[in-house]
Amino acid sequence: YIISFDKNLELTDFTDTSTLPKDTDTMIYHFENIPEDAIEFTVTKDNRGKVGFKGVENEELIIPCAFKDSDGKWYKVMDFESGCFQETNVKDVTLPYGITKISDGLFYGCKELVSIKAFDGVTSIGYGSFNSCTNLTTTSIPNSVTLIHSGAFNNCTKLTSFVFPNSIETIQSSAFSGAGIAEINLPKSIKVINSGAFQNCDNVQKININYDNLKIDPAGFIIGKNIKEINLLGNTLT
């Protein structure tokens, strides 16, 4: 994790959530699922530091939005380094409130990962974030996400259903290549669909796109042979 000290985060214990935004009280936890002896916590002079795990993998990973050091200072989770959890055995993941992106390759190759939950404020899903998460079936993606990067859900073969956020604007190349989704429903916010975004999605039977001004790469919808229905409703399509 990349940590930044938040002077406005003045909590006395894990139960005092008075200064946190509404509905984030569930994101403050004791280390019940993350053994304290597995945690490394350091703070640098510019109030940034890292929290990491020392060889401990947890199937259920609920990441707090803040940590307290030995002096009682609180630090807010701001970001994750690329590939932070790649190829680990995490199964059910709840990301912390307050992050603005899901980093590149964050859960790449996590073959045991079944579910992921993120909160409002996340605006992008990084390159290959969930690439080859072949057991991923459940995603809770907030309506603040505007961009899904290349390969984000590539080869997520058990991801049969995906609810696109009402804020989505761009889906990059191969974002869902080889995914198991059966129906694609894109909202009016969509502006760009890049090459091969849904390539080899052999389970897709129906596509619904509602748009104002949409640019689709000619290869944007190279999908499987089972497509039965395509509905386009909008103004300008290029």
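Modeller: A residue is called exposed when its relative accessible area is over 50%, buried when that area is under 20%, and partly exposed in between. Please keep in mind throughout that this is a predicted model.

Biologist: Why is Glu87 called exposed?

Modeller: The relative accessibility of Glu87 is 55%, and the cut-off for exposed is over 50%, so Glu87 counts as exposed. Glu87 sits in the loop between strand S6 (74-79) and strand S7 (92-94), and its phi is near 55 degrees, a positive value in a residue other than glycine.

Biologist: Why is Asn155 classed as partly exposed?

Modeller: Its relative accessibility is 31%, which falls between the limits of 20% and 50%, so Asn155 counts as partly exposed. Asn155 is also one of the residues touched by Ser132, along with Gly109, Lys111 and Asn154, when residues up to four places away in sequence are not counted.

Biologist: Is Ser132 itself buried or exposed, and how do you know?

Modeller: Ser132 has a relative accessible area of 14%, and since buried means under 20%, the conclusion is that Ser132 is buried. Ser132 lies in the loop between S10 and S11, and a polar contact of 2.9 Å joins its side chain to that of Asn131.

Biologist: What makes the contact between Ser132 and Asn131 a polar one?

Modeller: The criterion asks for a pair of N or O atoms within 3.5 Å, and the side chains of Ser132 and Asn131 are joined at 2.9 Å.

Biologist: How many aromatic pairs does a search of the whole structure find, and why is the pair of Phe130 and Phe153 called stacked?

Modeller: The search finds ten aromatic pairs. Phe130 and Phe153 are 5.1 Å apart, centre to centre, with 10 degrees between the planes; because rings pair within 6.5 Å and planes under 30 degrees apart count as stacked, this pair is stacked. The pair links distant parts of the chain, 23 residues apart, with Phe130 in the loop between strand S10 (124-125) and strand S11 (138-140) and Phe153 in the loop between strand S12 (147-148) and strand S13 (170-171). Phe130 counts as buried at 0% relative accessibility, and Phe153 likewise counts as buried at 0%.

Biologist: Which residues do ring pairs link into a cluster?

Modeller: The cluster consists of Phe85, Phe107, Phe130, Phe153, Phe162, Phe164, Phe176 and Phe198.

Note on methods
Residues numbered from 1 in each chain as written. Predicted model: local features only at pLDDT ≥ 70, side-chain atom pairs only at ≥ 80, totals over all residues. Heavy atoms only, no water. Phe/Tyr/Trp six-rings, centres within 6.5 Å; stacked < 30°, edge-to-face > 60°. Helix = DSSP H or I, 4+ residues; strand = E, 2+ residues; numbered from the N terminus. Buried < 20%, exposed > 50% of the residue type's maximum accessible area, 1.4 Å probe, protein only. Polar contact = N/O pair within 3.5 Å; in protein donor to acceptor, adjacent residues only side chain to side chain. Contact = heavy atoms within 4.5 Å.
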